[in-house]
Amino acid sequence: MFHSLRPVQVGLIAAACAAAPALAQDDKMVVIPVPAQPTAIPLDTGKLPGATAPEAWHRQYGSVFARNVTVATLTPFLPDPAKATGTAVVVAPGGGFRTLSMENEGWDVARALAAKGVAAFVLKYRLNPTPEDMKGFEASMTAMFSATARPPRPNPRDAMAGIAPQIADARAAFVLIRRRAGEWHVDPARVGMVGFSAGAMLTMATALSGNDAKPAFIGNIYGPLAAVTVPAGAPPLFVALASDDPFFGNGGFGLVDSWRTAKAPVEFHLFEQGGHGFGMYPKTTTSTGWFEEFARWMDMHGWLKPRS
């Protein structure tokens with residue numbers, strides 16, 4: 001059903017692209033050692049076929065990013081057992097399928113969820129290969145943006161067909177969480193997913209084409225909003241986007257309309273300002289409040305209340 005994720009995805013990558021915010025300062029990419037990840041659990045999806053470059057990390061915008069991820073992992077952030085709700089969330093960082101914003105859109109989100117009593121699991125999914133050296137990587141990113149400043153919006157079905165390895169990683173994450181639900185004090189029926197930019201695309205693909213994953217609820221944070229065919233029994237959807245997002249702020253809200261037409265639950269927050277990739281960065285814009293709105297939405301649905 002799915003094709004290989006290869007260079008044919010240039011338009012897709014740019015369309016779902018990087019989670020870096022529009023910050024003038026601290027934008028230089030600085031190589032850092034691969035951090036210790038003692039609690040990361042390798043998933044059983046194997047090594048990305050044909051990948052040869054080793055995993056590499058860098059710092060930018062006061063946060064850390066991974067690239068050339070060839071083996072997917074899942075890192076648990078578990079709440080205090082005394083306040084655990086039984087709800088779990090798979091967190092999918094963004095980065096255009098070339099990098100992963102592991103801190104701003106991964107670990108920081110997971111910690112905030114755990115503080116609410118939610119078991120959070122950061123998915124470090126496999127990525128498109130990039131040049132091993134930083135100079136080559138920077139050049140490749142510059143070329144990607146300059147060549148496709150306003151790329152055509154891909155057909156949602158074609159877009160999902162191009163990220164088969166990442167969908168497999170997400171499915172494996174759901175399998176692992178449900179298999180160890182007792183150990184992690186998780187209700188297998190209350191496992192949702194939230195993603196950012198490219199991670200939002202992966203979240204939507206997991207809900208629409210992930211077969212057995214079946215997220216209980218999903219969050220699309222500044223991801224593509226193209227119209228889709230909504231399946232019966234679609235999960236509740238939370239959407240957050242800034243109107244000045246350079247990638248998706250002027251593309252319409254077809255996804256939201258699709259959910260509403262299907263009479264599936266959807267909540268949509270369109271912030272006046274915030275750009276792309278605001279994540280957990282503290283900013284002066286109201287987009288900084290997206291997480292509390294997401295938490296209120298979860299609470300409204302009962303997911304922040306303990307299991308009965």
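Visitor: Over how many bridges do β3 and β4 pair?
Guide: First, this is a predicted model, with residues numbered from 1 along each chain as its sequence is written. Local features need pLDDT of at least 70, side-chain atom pairs count only at pLDDT 80 or more, totals for chains, interfaces and linings use all residues, and side-chain values use heavy atoms, leaving out hydrogens and water. Helices (H or I, at least four residues) and strands (E, at least two) are DSSP runs numbered from the N terminus, and two strands pair if DSSP finds at least two bridges between them. Strand β3 (residues 56-60) runs antiparallel to β4, with histidine 58 opposite phenylalanine 65, and the bridge count is 5.

Visitor: Which ring does arginine 67 lie over?
Guide: A charge sits over a ring if NZ of Lys or CZ of Arg is within 6 Å of the ring centre and within 35 degrees of the ring normal. Arginine 67 is 4.3 Å from the ring centre of phenylalanine 137.

Visitor: How many residues apart are phenylalanine 196 and tyrosine 222?
Guide: Rings of Phe, Tyr and Trp (its six-membered ring) pair if their centres lie within 6.5 Å; planes under 30 degrees apart are stacked, over 60 edge-to-face, the rest tilted. The whole structure has 17 such pairs, and this one is tilted, at 5.9 Å and 55°. Phenylalanine 196 is in strand β9 (residues 191-196), tyrosine 222 in the loop between β10 (218-221) and β11 (237-242), and the separation is 26 residues.

Visitor: Which helix holds tryptophan 297, the partner of phenylalanine 238?
Guide: These two ring centres are 5.5 Å apart with planes at 50°, so the pair is tilted. Both residues are buried. Phenylalanine 238 lies in β11, so the pair ties it to a part 59 residues away in sequence, helix α9.

Visitor: Which residues touch the most other members of the largest nonpolar core?
Guide: A nonpolar core is a set of buried Ala, Val, Leu, Ile, Met, Phe, Trp, Tyr and Cys residues joined through side-chain atoms within 4.5 Å. A second, separate core has 5 residues, including Met29 and Phe137. In the largest, with 83 residues, the answer is Leu113, Trp259, Trp290 and Met298.

Visitor: Which residue is the kink in helix α2 centred on?
Guide: The bend at a residue is the angle between axes fitted to the seven residues ending there and the seven starting there. Helix α2 (residues 103-115) is followed by glycine 117, with a positive phi near 90°. Within the helix, the kink is about 25° and is centred on valine 109.

Definitions and conventions:
Buried < 20%, exposed > 50% of the residue type's maximum accessible area, 1.4 Å probe, protein only.
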